[in-house]
Amino acid sequence: MGRRIDLSGAEIRGGDHGDGGPPIFLPRQTAAASPLIALDIGGTLIKLVYTATCGAEAELRFAKFERRKLDDCFRFIRAEGLLGCNGTTLGSSKENIALKATGGGSYKFGDDFREKLGVSLDKLDEMDSVVSGANFLLQNVPGAAFTYMNGKRNSIDISPDNLFPYLLVNIGSGVSILKVTGNRKFERVTGTHIGGGTMFGLGKLLTGCNSYDEFLQLSQKGDNFVLDLIVKDICGELVCQKQGLSTSTLASSFGKVITSMKKLTDYRPEDIASTLLSAFTYNIAQISFLVASLLGLRRVFFGGSYIRGHKSTMENISYALDFWSQSQMQAAFLQHEGYLGAIGALMSYGDPIDENLTLEESNEKNTNETAAPTDATGADEHNDSNIFPYLLVNIGSGHLLSANVLHVIGKGKFERIIGSHLGGGTILGLARLLTGCSSYEEFLELSQRGNNLAVDLTVGDIYGENGYPKIGLPASTTAASFGKVNSSKLSDYKAEDLAAALLNSFTYNIGQIAYFVANLSGLKRIFFRGAYVCGHEKTMDKISRSLKYWSKGEVQTTFLCHEGFLGTLGAFWSYENMGIDGLESHEVIREVLLGAPYTGNFPSLPLTQEQDIEENTTVEAEVERLRHENAVLKSELEWLRRENAELKAKLA
């Protein structure tokens, strides 16, 4: 059995002790000469938790190391005298010492620990350890959970009787999202490969930073408005007021790069770091909101080694989750959030082998399995009753650089459900900075010749050739886009490989968001439109594969081309031959720009817009009408610009 850890009366005392955070005192744990140690060896970092003596009491202490600097971890373990477990000290006995370890690296580096330290690793399931660690903090350590909003940190006390269920979003190199229903009872709902590894990888390439802490420090001094496109940049202040739009609403991350003549070296590293941080923290918060909505959960805890108590990171996540949920959900964070897996592994000392449970695959179902059944409508049945309702995803072109998701109910009837700031403008903006390409077509051509695996971190890179079969992740699955980037020199990587990784990451992200929204809305059919999608075979193929992966093939993916002429016969075309390429559409949709929140509150907008057009409009008349409307809009915009200039002159 071995020694167990007495958790009763655990508390956090004092301030921070280095990178590991403050120790957790265990007043009822017997102080012993031989410490207990557990490790979480992830894709980027090694997290270590161990018991130590402080006077007559015991405490938990924390340390972390970069995975590529494994020898530093070995030296620390020796220097701290941590090579004794359960009263047995290395060298005094031939008895094999086993350290508790979790994370993919526990499989990859087991031989290194045996060779360098003479110990074996008792490998524990990663997800089980993360949940055990989170539950330990939430149930046993007062003040371990807190909120962070508007620059204020507030501790929250949660009764163990009212803790479950909750959503746990673990932000490591990639992101895992878990529904926790009890002690050792959970399911991994989903995940995303756009996580901490993506931020850090792109941060290295675009800012030259050498550590994630350096990246966070840069972001604190930067201004993301230098590179981000907001609604005011598109419409001007007067139009925003007329339409009821917040001028600071984010339309497209990195969207300003497209129209700028600047090169990468013309931008401040601080501004780029700030833009990367806001882009990806908002995205993680948005996916978390969609998953929590699907599961009917309001309590969402964020953990993982890429949060690190960083104020802007927590502020972004909190604000975005509050915005999208209309204050119905609250983001909560954990002290020692990067050590959940290691803490959970440490808690397993003294457990019999058959009690050390892992993911309950046989009893828990993945959310992906609850998708609506495949639409069985025949290819020749194209009447309105079997077309509506559907989801329309616009991946913007021109000024519409975000991704907008609309629920189309019938002819001329729709409601805008959500938008994403990671759209066509983000892809091309980052592509220009990373590869120097001047057009979307050039970017796609580069991506065709590239290999994303040169920079993307896979499950196999973390866990080895067998992948993570317990939760159904094969070795080839992308764990973290740009997570394999080790060098801070952009010249060390081929432009083609960077383009391939960029296309892979954002198309799969758009597909994932579209699937969650469709699932949440009970829809089985998704149409994609926009110049950043249609006509580009590889883009359509990536999105199709993404939807097939997330929905297990149960959601119909279709692409709408000739998007400027929605009334034209044959405007719909299915990349996967879904059988509706002859459909005539009569919807004219006015798109509303709304991406991630920045500052202030977004005024309520009417969800449903109705527009009637004549049923027998000819193609020529429709084209002429659109040209006329375009001319009128240009004239009105020019008038508004002049009026705005005059008002500014009067106020000067």
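Strands β12 (residues 166-171) and β13 (residues 175-182) pair up in the antiparallel sense over six bridges; strands here are DSSP E runs of at least two residues, and helices are H or I runs of at least four, numbered from the N terminus. Two strands count as paired if DSSP finds at least two bridges between them. This is a predicted model, where local features need pLDDT of at least 70, side-chain atom pairs count only at pLDDT 80 or more, and totals for chains, interfaces and linings use all residues. Residues are numbered from 1 along each chain as its sequence is written, and side-chain values use heavy atoms, with hydrogens and water left out.

A hairpin of three residues links β12 to β13, and Y166 sits opposite V180 in β13. β12 also runs parallel to β17 (residues 299-303), joined by four bridges, with L167 opposite V300.

In a regular strand, side chains alternate between the two faces of the sheet. Six of the six residues are buried, so β12 is largely enclosed by the rest of the structure.

Just after α5, G208 takes a positive phi of about 80 degrees.

Terms used:
Buried < 20%, exposed > 50% of the residue type's maximum accessible area, 1.4 Å probe, protein only.
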